[in-house]
Amino acid sequence: MKDPRSFNPFDLAEAHDMWDVAAELRREAPVVHLTNGFVFAGRYEPARQVLLDSETFMAKGGFRADGRYVPMEDRNIGELDPPEHGPIRQLARSGAGGPGVAESLRPFVRQHAERLLDSLMENGGGDLITGFGLALTNLVIAQLLGVPLEHSPRLARWTEEVVSANTTGGPKDSAGGRAESFPEFIEYVDGLIRARLSADDAAHDAITRIVQSGIEDADLPIPIIRMILVNLLLGGTATTRDTIGNLLHELIVRPELHERLRSDRGRVPAAVEESLRLAPPVLFLLRTTAKETALAGVSLAAGERVLVAIASANRDVQAYPAPDTFSLDRVDPLPHLSFGHGAHLCVGAALSRMEVQEALDVFLDRIAPGELALAADFELAHVPVPFLFGPQSVDVLLTKEKPNVR
Ligand code: HEM
C-alpha cells in the first residue's frame, strides 16, 4: 500500500476515495504531517479543537493560493478572522435566518419537493440531482434571498461558475475581482439589493433581514450586502444538493434502510444526520497556525497549514462506535463536524437540515424499495470540485408503472 502520508487532498480521485487512507492516518497518530507539508487533523478531538481555537488556527486564506489580494466584498466569510469576521458573520446569520426562518420555509420546500418528484416520476425516471435535489435547492435559496423563482436557474448557473473559479482559481477569477469576472451576476445581485432598498414595504427575505440587522446609524454599503448574499448562495447551494444526492443514493442501494425509514418516519432527522456524518459535502477545512503551538501532543510551527479532515473525524471510532455503519439508532451521538464547529459554524445548518428532511420524507412518501432502480449504465461519479463530496448525477428508472403514493 502507498504511504498514507503521501495523501493529496487536492487530487479528486484521492480525496473522494479517502476512507482507507484516512483510517490508516487516524490509526498512526492523532495528528500527522503529510509529505506535502499539510498537517492532517483526522481524529475527532483534534479536529474539533482546531475549529474551536480560532485565534491559534486562523481561517485566513481559506483555500486560496498564497499572496493573492482579494477585496473584502469578494471574500468568503469562512476565510475571515477577527475583527472583521464577527460583524460580517452576524449579518450572514441574519440573512440565513436560523430555525424560525427554516420552519417558515418548510411548506414551500414540501410543495416544491412534491411537484419536482412527481414530475420526474411521470417521466418514468431521470436524474435525481438535476431534476430533484439541485432544482429544489435552487428554488429554496432563491426564495430565501427574495429572488423571483423564474430567475433561479440563471442564478444557479452563475453560482456554479463562481464556486468553480473560487475553488480552482480558474481563468475567470481575475485580479479585478468578481465585478470584473462576473459582471452580469454582480449587476443582477446589486439590482436586487437596490430594488429592495428602495421598496416601501419590508419583505420576509434575506436582504431585508441583513439591512435591518446592519450597522446602527449608518447605511450598510451595497458591496457588503452583496458579499453576504453571494456567501449565502455559494455556501448553501452545492452543499445541500450534495446531501440530498448522497442520502438518496444510499437509500437506493440499501433497500433495508429505505424500508426501515419508510415505516419509521420519526427516524428521518437521524438519517439526515447520519448521512451528513458519513458523507460530508465539505470533506476538509483549512486553517493556518498563527503561532507556534501543539496539537494532540504534536508540535506545530507558526504558519503551518492544518487540514481539518471532517470526513475522517466523523469516522473516528473514539467518537462513534462502529463508525463506518449508517445507523439510525445512535443514542445522543456527538455532533458531527459536517457543518464545522466553533466561530465559523455554518449559518445555514437549520435551513439545509429542514430541506433535506423534507426531500427525504417526500421521497419516502412516493417511493417504496424496489420501485426505483439505478439506470443500467449508471456509474457513480462525484462532483469534480476539490473538497466537495456529492454525486454528479443519480440516474434512476421507475420499475413500477405507478408507485404507491401515501
Ligand atoms: C448540508 C448543507 C451544508 C453544509 C454541509 C455546510 C457546511 C459548512 C461548513 C463546514 C462551514 C464551516 C466553514 C469553516 O469553518 O471554515 C459552513 C459555513 C458557512 N455556511 Fe454552510 N453548509 C451547508 C448549508 C449552508 C446553507 C444552506 C447556507 C446559506 C443559506 C450556508 C452558508 C454558510 C456560510 C455563510 C458560512 C460561513 C460562516 C462563517 O464563516 O462564519 N451553508 N458551512
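Predicted model: local features only at pLDDT ≥ 70, side-chain atom pairs only at ≥ 80, totals over all residues.
**Entry 1: Ala296.** I started at Ala296, which sits in the loop between strand S6 (293-295) and strand S7 (298-300). Most residues other than glycine have a negative phi. Ala296 has a positive phi, near 50 degrees. I then asked how exposed Ala296 is. Ala296 is partly exposed, because 14 other C-beta atoms lie within 10 Å, and the label covers counts between 12 and 20.

**Entry 2: Ala322.** I looked up another positive phi, that of Ala322, near 45 degrees. Ala322 is in the loop between helix H14 (310-313) and H15. Is Ala322 buried or exposed? Ala322 is exposed, because 9 other C-beta atoms are within 10 Å and the limit for exposed is 12 or fewer.

**Entry 3: a cis bond.** I checked the peptide bonds next. Most peptide bonds are trans. The bond that joins Pro82 and Pro83 is cis, with omega at about 5 degrees. I placed Pro83 in the loop between strand S3 (57-58) and H4.

**Entry 4: around the ligand.** I listed 25 residues around the ligand, and Gly235, Gly236, Gly340, Cys346 and Gly348 come nearest. Two or more residues of this shell are given by each of helix H4 (85-96), helix H11 (222-253) and helix H15 (349-366). Which element gives the largest share? H11 does, with 7 residues. Sorted by class, I have 12 nonpolar, 12 polar and 1 charged residues in the shell.

**Entry 5: H11 against H15.** I turned to how H11 and H15 pack. Two packed helices are described by the angle between their axes and the distance between the axes. For H11 and H15 the angle is about 35 degrees and the axes are 10 Å apart. Their crossing is right-handed. On the H11 side I noted Gly236, Thr239, Thr240, Thr243, Ile244, Leu247 and Leu248 in the contact. H15 brings Leu351, Ser352, Glu355, Val356, Ala359, Leu360 and Phe363. By class, this contact has 8 nonpolar, 5 polar and 1 charged residues. Gly236 of H11 is in this contact and is also among the residues that come nearest to the ligand.

**Entry 6: the core.** I finished with the largest nonpolar core, which has 110 residues. Those that touch the most other members are Ala41, Ala47, Leu229, Leu307, Val308, Ala309 and Ile310. H11 supplies the largest share of this core, 14 residues. I picked Leu307 and left aside its neighbours within four places in sequence. Leu307 is then in contact with Pro9, Phe38, Val39, Phe40, Ala41, Phe284 and Leu286.

Conventions. Residues numbered from 1 in each chain as written. Near = placed C-beta within 6 Å. Helix = DSSP H or I, 4+ residues; strand = E, 2+ residues; numbered from the N terminus. Nonpolar A, V, L, I, M, F, W, Y, C, P; charged D, E, K, R; others polar. Axes fitted to C-alpha atoms, helices over the stretch in contact; angles between N-to-C directions. Left-handed = near helix turned anticlockwise from the far one by under 90°. Contact = placed C-beta atoms within 7 Å. Core = buried A, V, L, I, M, F, W, Y, C linked by C-beta atoms within 7 Å.
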